[in-house]
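Work through the exercises below with the sequence and the coordinates at hand. Each task is followed by a stepwise solution.

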Amino acid sequence: MLFKPLGPLHIPMAVFPVLYFSLLALWIESLLFAAAAAVFAIGHLTVSWNTYKQIG
């Protein structure tokens, strides 16, 4: 269920936390938090995509 596609999103359980932290960085207007969210996005999406490819 964690890697089941949701419409055009192949890894929705990895995309939603990235969107959450990115939008939070915009909301609180924190450049430091935005940088941390970008690093988190790169790592989290890469690991999730590799796992998705190994499972499928």
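**Exercise 1.** How are α1 and α2 oriented to each other, roughly parallel or roughly antiparallel?

Solution. 
- Step 1. The model is a predicted one, and the secondary structure of its chain comes to two helices and zero strands.
- Step 2. Take helix α1 as residues 12-28 and helix α2 as residues 31-55; their axes come within 9 Å and cross at roughly 175 degrees.
- Step 3. Angles over 145 degrees count as roughly antiparallel.
- Step 4. The two helices, α1 and α2, are therefore roughly antiparallel to each other.

**Exercise 2.** State which residues of α1 and α2 meet, and sort the contact by class.

Solution. 
- Step 1. On the α1 side, the residues are Met 13, Ala 14, Val 15, Pro 17, Val 18, Phe 21, Ser 22, Leu 24, Ala 25 and Ile 28.
- Step 2. On the α2 side, they are Phe 33, Ala 34, Ala 37, Phe 40, Ala 41, His 44, Leu 45 and Ser 48.
- Step 3. Sorted by class, the contact of α1 with α2 has 15 nonpolar, three polar and no charged residues.

**Exercise 3.** Which residues of α1 are buried, and where do they sit around the axis?

Solution. 
- Step 1. Buried means under 20% relative accessible area; in α1 this holds for Pro 12, Ala 14, Val 15, Val 18 and Ala 25.
- Step 2. These residues cover an arc of only 150 degrees around the axis, which puts them on the same side of α1.
- Step 3. The face of α1 turned away from that buried side carries the exposed residues Tyr 20, Leu 23 and Trp 27.
- Step 4. What covers the buried residues of α1 includes α2.
- Step 5. In α2, the buried residues are Ala 37, Ala 41, Ser 48 and Tyr 52, and they pack against α1.
- Step 6. Over the chain, buried residues make up 18% of the 56 residues.

**Exercise 4.** Locate His 10 and list its contacts beyond four places in sequence.

Solution. 
- Step 1. His 10 is found in the segment before α1.
- Step 2. Its relative accessible area is 39%, so His 10 is partly exposed.
- Step 3. Leaving aside neighbours within four places in sequence, His 10 is in contact with Phe 3, Lys 4, Pro 5, Trp 49 and Tyr 52.
- Step 4. Tyr 52 is also one of the buried residues of α2.
- Step 5. C-alpha to C-alpha, His 10 and Ala 36 are 24 Å apart in space and 26 residues apart in sequence.

Note on methods:
Residues numbered from 1 in each chain as written. Predicted model: local features only at pLDDT ≥ 70, side-chain atom pairs only at ≥ 80, totals over all residues. Heavy atoms only, no water. Axes fitted to C-alpha atoms, helices over the stretch in contact; angles between N-to-C directions. Parallel < 35°, antiparallel > 145°, perpendicular 65-115°, else oblique. Contact = heavy atoms within 4.5 Å. Nonpolar A, V, L, I, M, F, W, Y, C, P; charged D, E, K, R; others polar. Buried < 20%, exposed > 50% of the residue type's maximum accessible area, 1.4 Å probe, protein only. Arc of directions from axis to C-beta.
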